[in-house]
Amino acid sequence: MIRPILHFPDKRLREAGKPVTAFDEALRTLVDDMAETMYAAPGVGLAAPQIGVALRLFIVDINTGDDQPSDLRVFANPEIVETHGKIRWEEGCLSFPDIREEVDRAERILVRAHDVSGTPYELEAEGLLAIAIQHEHDHLDGVLMIDHLSMLRRRLVNRAMNRRAVAAE
Ligand code: ZN
């Protein structure tokens, strides 16, 4: 089921997620819904808080090409345990439609998480995958793309999003 995606400045995007404690059927359904919602958007990542579910959970799939097999990855209770290097990347966010901004991120990361069954795993990532993981991980702490911008860019994005919110009313 496709769930509505919250847009900035919705306050729920600022709430920190709670740890996932039950790796059950309900979690599986939630992850299925998140995947359907992300692919329909379309996007390369979606965090549970973006659909109003305050859990430490996100999904990423950077294989967006029609000729690429899907590479859906589930991150429950993720922890970025190592970061290396620095890279500037133009990012988008499903909670900031039509906005793309350059953000500084670590170039390579080591992340620990649990999959949808609760099995722990470790993943080394670089490039777009590393960027997407860092971006989605921020959502679990109520941190948004806009927080990484300069004061000026922040003001411009704020204004654009507020104008959009008013137009949608
Ligand atoms: Zn986002």
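**Zinc site.** I looked up the zinc ion and found that Cys93 (SG), His135 (NE2) and His139 (NE2) coordinate it at 2.0 to 2.2 Å. Donors here are N, O and S atoms within 2.8 Å of the metal (3.2 Å for Na, K and Ca); water is not among the atoms, so sites may look incomplete. Along the chain, I noted, the donors follow the spacing C-x41-H-x3-H. Cys93 belongs to strand β4 and His139 to helix α2, so this pair ties together parts that are 46 residues apart in sequence. I took helices (H or I, at least four residues) and strands (E, at least two) as DSSP runs, numbered from the N terminus. I then checked burial and found both Cys93 and His139 buried. Buried means under 20% relative accessible area, exposed means over 50%, and partly exposed lies in between (1.4 Å probe, protein chains only).

**What I am reading.** This is a predicted model, in which local features need pLDDT of at least 70 and side-chain atom pairs count only at pLDDT 80 or more, while totals for chains, interfaces and linings use all residues. Residues are numbered from 1 along each chain as its sequence is written, and side-chain values use heavy atoms, with hydrogens and water left out.

**Helix α2.** I counted burial next: 11 of the 13 residues of α2 are buried. Among them are Leu129, Ile133, His135 and His139. I also checked the length of α2: at 1.5 Å a residue its 13 residues should span 18 Å, and its end C-alpha atoms are 19 Å apart, which agrees. The expected span is 1.5 Å times one less than the number of residues in the helix.

**His137.** Is His137 buried or exposed? His137 is buried, at a relative accessible area of 14%, and it lies in helix α2. Leaving aside neighbours within four places in sequence, I found His137 in contact with Arg56, Phe58, Pro78, Glu79 and Ile80. Contact means heavy atoms within 4.5 Å.

**The open sheet.** I traced 5 strands in an open sheet, in the order β1-β2-β3-β6-β7, with antiparallel pairing. Two strands pair if DSSP finds at least two bridges between them. The edge strands are β1 (45-47) and β7, each of which pairs on one side only. Neighbouring strands of this sheet are turned by 35° against each other on average, direction ignored. Axes are lines fitted to C-alpha atoms, for helices over the stretch in contact, and angles run from 0 to 180 degrees between N-to-C directions.

I followed β6 (residues 108-114) and β7 (residues 120-126), which run antiparallel and are joined by 7 bridges. Across this pair, Arg112 stands opposite Glu122 in β7. The hairpin of β6 and β7 has 5 residues between the strands, and Gly118 in it takes a positive phi near 95°. Strands β2 (residues 57-60) and β3 (residues 73-84) pair in the antiparallel sense over 4 bridges. Here the bridge partner of Leu57 is Ala76 in β3. Helix α2 (residues 127-139) packs on the sheet and touches β1, β2, β3, β6 and β7, its direction making about 120° with that of β7. Helix α1 (residues 25-40) lies across β1, β2 and β3 and runs at about 45° to β2.

**Strands β4 and β5.** I found 6 bridges between β4 (residues 87-93) and β5 (residues 96-105), which run antiparallel. A hairpin of 2 residues joins β4 to β5. The bridge partner of Arg88 in β5 is Asp104. Asp98 lies in strand β5 and has phi near 70°, a positive value in a residue other than glycine. At 75% relative accessibility, Asp98 counts as exposed.

**Cores.** Which residues have the most contacts inside the largest nonpolar core? They are Leu30, Met34, Leu46, Leu57 and Ile59, in a core of 17 residues. A nonpolar core is a set of buried Ala, Val, Leu, Ile, Met, Phe, Trp, Tyr and Cys residues joined through side-chain atoms within 4.5 Å. The elements giving two or more residues to this core are α1, β2 and β3, and α1 gives the largest share, 6 residues. Apart from it I found another core, of 15 residues, including Val60, Ile109, Ala113 and Ile133.

**Cis peptide bonds.** I noted a cis peptide bond from Phe8 to Pro9, with omega near 10°. The bond from Ala41 to Pro42 is cis, with omega near -10°. Pro42 sits in the loop between α1 and β1.
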